[in-house]
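Subject: Structure handover and notes

Hello,

I am passing on the structure we discussed. Please look through it first; my notes come after it.

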Amino acid sequence: MSDGTESGVLTALQAALAAEHAAVYGYGVIGGRIGEQRQADARSAYDAHRSRRDALVREVRDLGGQPVAASAAYALPFAVTDSATAVRLAAELEERVADVYSDLVRASSGQRRGAAAGALREAAVRAVRWSGESVAFPGLAERASASAAATAPATGAAAAGVAGGSASASASASASASASATP
């Protein structure tokens, strides 16, 4: 693997790690508001993101990088006040995590690419379970919307990067990636 390729993989791994940190935080918020009937789903997703986060820390270290640290807190894209908004946040978290994993799929090869594709698939499936809606190409459909929005004048929350944009952009800007917390 060339230095440029390895650097791109490390950058994508760090973005995925930041997204997982944010998702773990976000599911902590969700767990406090989600209805009893969805508690098991939230707990399962929380455990999955913790596991992915821990694996990504190891991968970053294996490539000689210093893993990006989790933030103490993340800005949520909207107030999570009840079970309905907790479900909405869970869906957004998963969509943003899928977005970041699509970057890792593109940047990597071999076994790492397969693992990233698996993580993207899992996040997309969880997003569908939370929202009841799907997209043809998880991690890519949101980019088309973000690209269109990027060419339009930014105002209000969109200009501030609140609740919008791709997780990878958020992850690069700060560790607020996916947790919507950022997700």
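Below are my notes, from the overall fold down to single residues.

Overall

This is a predicted model, so confidence comes first. The mean pLDDT of the protein chain is 80, and 72% of the residues score at least 70. By element, α2 has the highest mean pLDDT, at 98, while helix α6 (residues 156-160) has the lowest, at 28. For residues 147-183 the pLDDT is below 50, although this stretch has 82 contacts in the model beyond near neighbours in sequence.

The protein chain contains seven helices and zero strands, and its pattern along the sequence reads α-α-α-α-α-α-α. There are 183 residues, of which 42% count as buried. Of the contacts between residues at least 6 apart in sequence, 78% join residues at least 24 apart. The accessible surface is about 8900 Å², and carbon and sulfur atoms account for 53% of that.

Nonpolar cores

The largest nonpolar core has 20 residues. Leu13, Ala16, Leu56, Val97, Val100, Tyr101 and Leu104 have the most contacts inside this core. Two or more residues each come from α1 (3-33), α2 (39-62), α3 (83-107) and α4. The most come from α1, which gives eight residues. Leucine 104 shows what the packing looks like in one place: leaving aside neighbours within four places in sequence, leucine 104 is in contact with Val9, Ala12, Leu13, Ala16, Arg112 and Ala116. Another core, of 14 residues, lies apart from the largest one and includes Ala42, Val87, Leu89 and Ala91. As background, nonpolar side chains in soluble globular proteins tend to be buried together.

Helix α2

Helix α2 has 24 residues and spans 35 Å from its first C-alpha to its last, close to the 34 Å expected at 1.5 Å a residue. The buried residues in α2 are Ala42, Ala45, His49, Arg53, Leu56, Val57 and Val60. Just after α2, glycine 64 has a positive phi of about 85 degrees.

Helix α4

Helix α4 has 22 residues; the distance from its first C-alpha to its last is 32 Å, close to the expected 32 Å at 1.5 Å a residue. Its buried residues are Ala116, Gly118, Ala119, Leu120, Ala123, Ala124, Arg126, Ala127 and Trp130.

Is arginine 126 buried or exposed? Arginine 126 sits in α4, which covers residues 110-131, and has a relative accessibility of 15%; the cut-off for buried is under 20%, so arginine 126 counts as buried. Not counting residues up to four places away in sequence, arginine 126 touches Ala45, Ala48, His49 and Glu94.

The C-alpha atoms of valine 125 and glutamate 95 are 9.5 Å apart, with the two residues 30 apart in sequence.

Aromatic pairs

How many aromatic pairs are there? The count comes to two.

One is formed by tyrosine 25 and tyrosine 74, with 5.2 Å centre to centre and 55 degrees between the planes, and is tilted. Tyrosine 25 lies in helix α1 and tyrosine 74 in the loop between α2 and α3, so the pair ties together parts that are 49 residues apart in sequence. Tyrosine 25 is partly exposed, at 28% relative accessibility, whereas tyrosine 74 is buried, at 6%.

In the other pair, the ring centres of tyrosine 27 and tryptophan 130 are 6.4 Å apart and the planes meet at 45 degrees, so this pair is tilted as well. Because tyrosine 27 belongs to helix α1 and tryptophan 130 to helix α4, the pair ties together parts that are 103 residues apart in sequence. Tyrosine 27 and tryptophan 130 are both buried.

That is what I have for now.

Regards

Definitions and conventions: Residues numbered from 1 in each chain as written. Heavy atoms only, no water. Helix = DSSP H or I, 4+ residues; strand = E, 2+ residues; numbered from the N terminus. Buried < 20%, exposed > 50% of the residue type's maximum accessible area, 1.4 Å probe, protein only. Contact = heavy atoms within 4.5 Å. Expected span 1.5 Å × (residues − 1). Areas by Shrake-Rupley, 256 points an atom, 1.4 Å probe, with all protein chains shown as cover. Core = buried A, V, L, I, M, F, W, Y, C linked by side-chain atoms within 4.5 Å. pLDDT = per-residue confidence, 0-100. Phe/Tyr/Trp six-rings, centres within 6.5 Å; stacked < 30°, edge-to-face > 60°.
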